[in-house]
Amino acid sequence: MSVWAAVAGGFAGTLVLTTALRAGNELGLTRMDLPFLLGTAFTGDRTRAKALGYLLHFLVGLGFALIYYAIFLAIGLSGWWLGAVFGVVHGLFSGTALVGILLPLIHPRMGTPSTAAPSVALLEPPGFMILNYGAQTPLVSLAAHVAYGALVGGFVSLAG
């Protein structure tokens, strides 16, 4: 097992995950634009928010790949199938706690379930399992995270 394989898998996995989420958006399966959500936490400029959001998403993807790698090392086992299982857990965590609960708490431009009527939020809160962005959003997100995990696990196992 190699940390560089995990980083390479994290890059490839994040590329696939981000592309899948973008494709889901373009195909009308979801209204979620994760890079935009991340970027607008730091700037109100829409163009800069998207660019910054893509950068942040790739950095977070590399960070998660290192977490996967640490778990692979700890249990002494890796593989695309185990990575896919981790991807399910990762996707459920992202949809419930990370994007659904924590992001709205710290995002200065996102509404929350307790946003007062007179205040104007620029972004709708994601809600549980990101359902506020469309009924198929959880499935698109979960499938993308499974692909991410399978790629990270596959890269790590191929490195030996």
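Start by selecting E26 and R22: their side chains meet in a salt bridge, with N to O at 2.6 Å (a salt bridge is a side-chain nitrogen of Lys or Arg within 4 Å of a carboxyl oxygen of Asp or Glu). Before going on, note that this is a predicted model, in which local features need pLDDT of at least 70 and side-chain atom pairs count only at pLDDT 80 or more, while totals for chains, interfaces and linings use all residues. Residues are numbered from 1 along each chain as its sequence is written, and side-chain values use heavy atoms, with hydrogens and water left out.

**Stop 1: the charged pairs**

Keep E26 and R22 on screen. They are four residues apart in helix 1, so about one helical turn separates them (helices, H or I with at least four residues, and strands, E with at least two, are DSSP runs numbered from the N terminus). E26 counts as exposed at 57% relative accessibility, whereas R22 is partly exposed at 23%. For these labels, buried means under 20% relative accessible area, exposed over 50%, and partly exposed in between, using a 1.4 Å probe and protein chains only.

D33 is buried, with a relative accessible area of 12%.

Next, select E124 and R31. The closest N and O atoms of their salt bridge are 2.9 Å apart. Here the link is between distant parts of the chain, 93 residues apart: E124 sits in the loop between helix 4 and helix 5, and R31 in the loop between helix 1 and helix 2. E124 is partly exposed, at 36%. To finish this stop, colour R22, E26, D33 and K50, which salt bridges with shared partners join into one network. The whole structure has four salt bridges.

**Stop 2: along helix 3**

Select residues 46–75, which make up helix 3. Its 30 residues should span 44 Å at 1.5 Å a residue, and its end C-alpha atoms are 43 Å apart, which agrees (the expected span is 1.5 Å times one less than the number of residues). Its buried residues include A49, H57, F64 and Y68. Among the elements covering them are helix 1, helix 2, helix 4 and helix 5.

Zoom in on F72, another buried residue of helix 3. Leaving aside neighbours within four places in sequence, its contacts (heavy atoms within 4.5 Å) include M1, L82, F86, V152 and V156.

**Stop 3: the core**

Which residues have the most contacts inside the largest nonpolar core? Select L21, L37, F72, Y148 and V152 to see them; this core has 27 residues. Such a core is a set of buried Ala, Val, Leu, Ile, Met, Phe, Trp, Tyr and Cys residues joined through side-chain atoms within 4.5 Å. Helix 3 gives the largest share, six residues.

**Stop 4: out to the surface**

Finally, select I67, I71, I75, L77, W80, W81 and V85, a nonpolar surface patch with about 700 Å² of accessible area together. I67 lies in helix 3 and is partly exposed, at 45%. Patch members have over 30% relative accessible area and no salt bridge; like charges are joined within 9 Å, and nonpolar side chains (Val, Leu, Ile, Met, Phe, Trp, Tyr) within 5 Å. Areas come from the Shrake-Rupley method with a 1.4 Å probe, and for residues only the protein chains shown count as cover.
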